[in-house]
Amino acid sequence: VDRSQLLKGTTALLILGVLKDGELYGYEIAQRIRERSDCFIDPGEGWLYPALHRLEKQGALEGAWRGGRFGPQRRYYRITQGGLAAFNAQSAEWNEFARSVRLVTEGVAGA
Amino acid sequence: VPESERQRFLMAVERGLPFEELERLEIIDELRVHLDDSAAALRETGIGPAEAEKTAVDRLGPAEQLADQLTKARLDRSRLLVAAGAGVWGLVRGGVGGYVVALIAAYFGRGLVLAVTSQLVPGSSYFAPLDSSSDRIFAILTVGMALYLAGRMVTPAFVGRAGFVGYKIRLLAVPLGAAVSLAFAALLWTGELNLVTAIAVTLLPLWWIAGSWQTRPFRWNRPGRWSAAIAAVGAVALVASVAMGWYAPGPVPPPLTYEQERAMLERSMNVVVNPHFERIADPTPAVVTAEILIQDGTGRNGTGGAPYEFLNVVMTRASLAGWSELRTEAWRPYWDGFQETIDPTESAPIATGPVQWVSGTTTPDGYNLAIRYSATTWPRTPEMLVGRVLLRPTRQATYFIAITGIAPDGRRHLIGVPELQSAWFDGTALDWFQSALAGK
């Protein structure tokens, strides 16, 4: 199965999902998604920054440059109230969709 | 190698980002930090530095694709409005600023050309070495440079704000501007033209295309030592040439000697002047000649814009009773070594036109001939037989303008004396090419 096809449409959900727990920079976001999915979701990283910039444009995220005392300046992303609301809505929709797929594939509905 | 590969990747991404510099650099900085983090993490797993950095780059995918996706991600409607404003501002700034710069450049460029020609071409002068049709090339080049700079500012201004990929903006800006400038060049630009200037006007859209094709903002790089030296020498040469033209305007033709003047006079006295008007038509009947007070040729060179040549004959209408098929004719002249005569190889006029009767003393192109009556006693009500013919030669030329008609004897006669008129092309480039195709 081509996982990238399965992931289509879920990038915003994944990003908002890891950012609702605190601000992160780009590389950390990719790592956090990889870790939380037990390395199941480990696509290339080319999709990450276009998605971050799109969410920022939409107002779901806020980005700001911040430097560590010893490290380089990094652009940190923080979820906004609008982003949180979007996450809740998308999350609910995804759960409903996943449940429906499971019902179909496991034949629980018995129709 | 890995460092250069990373740099190449980042440069390729930057090349594909159609944003202004600050925005581009911010995106590239973010990607650079990401690559550093990614490579560092890979090195911790035991991968060598070179392999780690290559893998980090590979994980971001093809640079062009990433740039394209970043561009699309950052596009929204408000950007389009800002971009439209920036594009219009770029157009105005480039057009006006470019025109001013081009005017200065054309002034000094013209000075250089005139200074050189006035020194090298015998008999020419810094102040009038070119005919008016040729001199127009500098005005055309000025407009061309302004078009180039306007186009040079428009596309990058639009691209920088709208985030469109360059070729999409080009698809709009290049043909649209080229069409507008072509319409302006071919249909609206009117003036004295010849082959070179007609082509130069028609090619004006190329200036726009060359400018608007660029998607990157113009960036002034400090010139190298040699470039600066060459530019300085060029600037000094341009200024010096103008100064030289003013203070040494070229050789003035020496005045004729007494012997030369005398020889010309004797020659004119000994030659029977016959311009061979009989090649046009029979002479004006004496009865009609007696009814002509005065005649005057006017037109293009007199009014500075009218494309017609006029022959105005002040006479009485009654004297042409019984005449028919009155018309105006333009005939090619022939220089017989002493004077202009009717070209013996021509059997028909080069162009013909209508005639009309006009009351009063003002010609249709604005000359008031009343001052010519004041010295003459003429007890009749003046009327004017006005002949008009459209001449658009593709280069400056002279023509005999005549009014003729079929007299009661059934033969075509002259009415008045044909006049030699100088004419040159004045119109649009499209008109010029039509004249050229018509063999005028």
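Student: Is His53(A) buried or exposed?

Tutor: This is a predicted model, in which local features need pLDDT of at least 70, side-chain atom pairs count only at pLDDT 80 or more, and totals for chains, interfaces and linings use all residues. Residues are numbered from 1 along each chain as its sequence is written, chains are lettered from A and ligands numbered from 1 in the order in which they are written, and side-chain values use heavy atoms, with hydrogens and water left out. Buried means under 20% relative accessible area, exposed over 50% and partly exposed in between, with a 1.4 Å probe and protein chains only. Because His53(A) has a relative accessible area of 2%, the residue is buried.

Student: Which residues is His53(A) in contact with, leaving aside its neighbours within four places in sequence?

Tutor: His53(A) lies in helix 4 (residues 48-58) of chain A, where helices (H or I, at least four residues) and strands (E, at least two) are DSSP runs numbered from the N terminus. Contact means heavy atoms within 4.5 Å. With the neighbours within four places set aside, the residues in contact with His53(A) are Tyr77(A), Ile27(B), Glu30(B), Leu70(B), Ala73(B) and Arg74(B).

Student: Where in chain A is confidence lowest?

Tutor: Confidence is given as pLDDT, the predictor's value for each residue from 0 to 100, and chain A averages 86, with 86% of the residues scoring at least 70. Where pLDDT is low, the predicted coordinates should not be read in detail. In chain A the highest mean, 93, belongs to strand 3 (residues 73-79), while the lowest, 68, belongs to helix 1 (residues 3-7).

Student: How many residues does the largest nonpolar core have?

Tutor: A nonpolar core is a set of buried Ala, Val, Leu, Ile, Met, Phe, Trp, Tyr and Cys residues joined through side-chain atoms within 4.5 Å. In the largest one, the residues with the most contacts inside it include Ile15(A), Leu19(A), Phe9(B) and Leu31(B). Among the elements that each supply at least two residues of this core are helix 2 (11-19) and strand 3 of chain A, together with helix 1 (2-15) and helix 4 (63-73) of chain B. The size of this largest core is 42 residues.

Student: Is Asp135(B), which forms a salt bridge with Arg110(B), buried or partly exposed?

Tutor: The closest N and O atoms of Arg110(B) and Asp135(B) are 2.8 Å apart, and the pair links helix 5 with helix 6 (residues 132-162) of chain B, 25 residues apart. Arg110(B) has 28% relative accessibility and counts as partly exposed. Since its relative accessibility is 22%, Asp135(B) counts as partly exposed.

Student: In the salt bridge of Arg327(B) and Glu329(B), what is the relative accessibility of Glu329(B)?

Tutor: The side chains of Arg327(B) and Glu329(B) meet at 2.8 Å, N to O. Arg327(B) counts as partly exposed at 29% relative accessibility, whereas Glu329(B) counts as buried, at 1%.

Definitions and conventions
Salt bridge = Lys/Arg side-chain N within 4 Å of Asp/Glu carboxyl O.
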